[in-house]
Amino acid sequence: VVLYFLLSLPKEEKSKKILFFVCLVAYHIFFMLFVWSYWKTIFTLPMNPSKEFHLSYSDKESLEREPRGESQQEVLRRAAKDLPIYTRTMSGAIRYCDRCHLVKPDRCHHCSVCDKCILKMDHHCPWVNNCVGFSNYKFFLLFLAYSLLYCLFIAATDLQYFIKFWTNGLPDTQAKFHIMFLFFAAAMFSVSLSSLFGYHCWLVSKNKSTLEVFRAPIFRHRTDKNGFSLGFSKNLRQVFGDEKKYWLLPVFSSLGDGCSFPTCLVNQDPEQASTPGGLNSTSKNESHLFPAKPLRDSQSHLLTDTPSWSETSAKAEKGKVGMSNPALTMENET
C-alpha cells in the first residue's frame with residue numbers, strides 16, 4: 001500500500017517520498033540490529049571452565065595441607081596431566097587459579113570484577129557491564145559494527161541540515177540547535193567506534209584477544225604472540241562459525257567450547273595430553289585442526305559428529321604410567 005501510494009505521486013514529490021521511505025526503513029534496520037546485539041552482549045553470561053578443570057575435593061585438601069613446593073606440584077600434576085592445555089605461566093608452570101581452585105584452560109583469565117575465571121577473556125567492558133569473552137565476543141563485534149553504522153547513518157542524513165545551520169538556511173527556532181548537537185554526537189561516536197571496531201577486526205584476523213596483545217601467550221618451549229593464529233579464514237570462522245547466514249545476526253555460532261583451542265605450535269609438547277582430530281600430531285609449519293566436541297557438547301551445532309578429546313585421550317593414555325607436565329607452581333593471574 002505504501003509503495004503504491006509513493007508511485008502514484010508526482011515525479012518530483014515521488015522521488016523525495018521514496019528517498020524518505022528508504023531512509024526510514026534503513027534507520028529502523030540499523031537500530032533494531034544495534035539494540036539486539038547490544039542486548040545479547042549485556043545479558044549473555046560469560047562462560048566459565050567446565051568441571052574437568054576444577055580440582056577435586058581430595059586434591060583441594062591435599063593442596064591446602066601440603067606446604068608450597070614439590071608436594072603441591074605433585075597434586076597439580078595429577079589434576080592437569082589429562083587436560084588439553086598448551087599455555088604456561090612465565091615460570092613455565094601450569095596456569096592455576098587459587099581463587100577458583102581450577103587449572104586454567106588456554107586463553108582463560110580470572111576477572112577481578114566478576115571474581116571468576118572467564119573462557120577466552122578479552123576484557124571486562126564497563127559500557128556493557130559484562131565480561132567480553134568466548135560466549136559473547138561475536139555479539140560484541142556486531143554491537144560495535146551496528147552502532148558504528150547507526151551513527152554514520154545519522155551523521156550522513158543530518159549533514160545537509162548541519163550545513164544549513166551554518167549558512168542560516170534553517171528556521172530560527174530552538175530545533176536547529178538539536179540538529180547541531182545530533183550531528184556532533186553522531187560524528188564523535190563514529191570516530192571512536194570506527195577505531196575500536198577496526199582494532200577488534202585486527203584482533204579477529206590475528207586470532208588474538210586484548211589481553212594476549214598486552215601479554216603474549218607462553219607455550220612450553222617459548223612465547224608465541226601468534227600461537228593461536230590459523231590464518232585469516234580459519235581465524236574468522238572460529239569467531240563467526242562455518243555458516244555465513246549467521247555471521248551478521250547476533251546468534252551464537254562460534255566454533256568450539258572455549259575450553260580448548262587449536263594452535264599452530266612448531267614444537268610439540270611431548271607431555272601434553274591428547275586432543276581430538278590429530279591436534280597433537282603437529283609438524284613444522286602445520287596447524288592444528290579445529291577441536292571437535294571437546295569437554296562438553298559444543299554450543300555450536302556444527303561440532304557434533306566426532307568423539308570428544310576426553311574419550312580419545314583415555315584410549316591413548318591407557319597403559320601409560322607416569323606422564324606429567326613440567327614443574328607446577330601456583331600463581332595469581334588476572
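1. A residue is called buried here when its relative accessible area is under 20%. By that cut-off, both Phe-34 and Tyr-150 are buried. The model is a predicted one, and the points below should be read with that in mind.

2. Overall make-up. The protein chain has 334 residues, and 46% of them are buried. Its secondary structure comes to 9 helices and 8 strands. Take the contacts between residues at least 6 apart in sequence: 63% of them join residues at least 24 apart.

3. Helix H5. This helix covers residues 137–166, 30 residues in total. From first C-alpha to last it reaches 42 Å, close to the expected 44 Å. Even so, H5 has a kink of about 45°, centred on Leu-159. After the helix comes Asn-168, with a positive phi near 60°.

4. Aromatic pairs. The structure holds 21 of them. One is Tyr-27 with Phe-153, a tilted pair with 6.4 Å between centres and 40° between planes. Tyr-27 belongs to helix H2 (residues 11–43) and Phe-153 to helix H5, so the pair ties together parts 126 residues apart in sequence. Tyr-27 is partly exposed, at 29% relative accessibility, while Phe-153 is buried, at 17%.

5. How are the rings of Phe-34 and Tyr-150 arranged? Their centres are 5.5 Å apart and their planes meet at 10°, so the pair counts as stacked; the cut-off for stacking is under 30 degrees. Phe-34 sits in helix H2 and Tyr-150 in helix H5, 116 residues apart, so to speak of this pair is to speak of a link between distant parts of the chain.

6. The aromatic cluster. Both pairs fall within one cluster. Its members are Tyr-27, Phe-30, Phe-31, Phe-34, Tyr-38, Phe-140, Phe-143, Tyr-150 and Phe-153.

7. Nonpolar cores. In soluble globular proteins, nonpolar side chains tend to be buried together. The largest core in this model has 25 residues. Those with the most contacts inside it are Leu-55, Leu-63, Ile-85, Tyr-96, Val-103, Cys-117 and Leu-119. Helix H4 (70–80), strand S2 (96–97) and strand S3 (102–103) each supply at least two residues of this core. H4 gives the most, with 4 residues. Apart from this core lies another, of 20 residues, among them Val-132, Phe-140, Leu-144 and Leu-193.

8. Leu-55. What does Leu-55 touch beyond its neighbours within four places in sequence? Its contacts are Lys-60, Leu-63, Leu-76, Ala-79, Tyr-96, His-101 and Leu-102. Leu-63 and Tyr-96 are also listed with Leu-55 among the core residues with the most contacts.

9. Asn-207. Where is Asn-207 found? It is in the loop between helix H6 (175–206) and helix H7 (210–214). Leaving out residues up to four places away in sequence, Asn-207 touches Arg-107, Lys-120, Glu-212, Phe-228, Ser-229, Asn-235 and Gln-238.

10. Cysteines. The structure holds 0 disulfides. Cys-23 is partly exposed, at 26% relative accessibility. Cys-201 is also partly exposed, at 33%. Cys-117, by contrast, is one of the residues with the most contacts inside the largest nonpolar core.

Notes. Residues numbered from 1 in each chain as written. Predicted model: local features only at pLDDT ≥ 70, side-chain atom pairs only at ≥ 80, totals over all residues. Heavy atoms only, no water. Contact = heavy atoms within 4.5 Å. Expected span 1.5 Å × (residues − 1). Bend = angle between axes of the 7 residues up to and from the residue. Disulfide = S-S within 2.5 Å. Buried < 20%, exposed > 50% of the residue type's maximum accessible area, 1.4 Å probe, protein only. Core = buried A, V, L, I, M, F, W, Y, C linked by side-chain atoms within 4.5 Å. Phe/Tyr/Trp six-rings, centres within 6.5 Å; stacked < 30°, edge-to-face > 60°.
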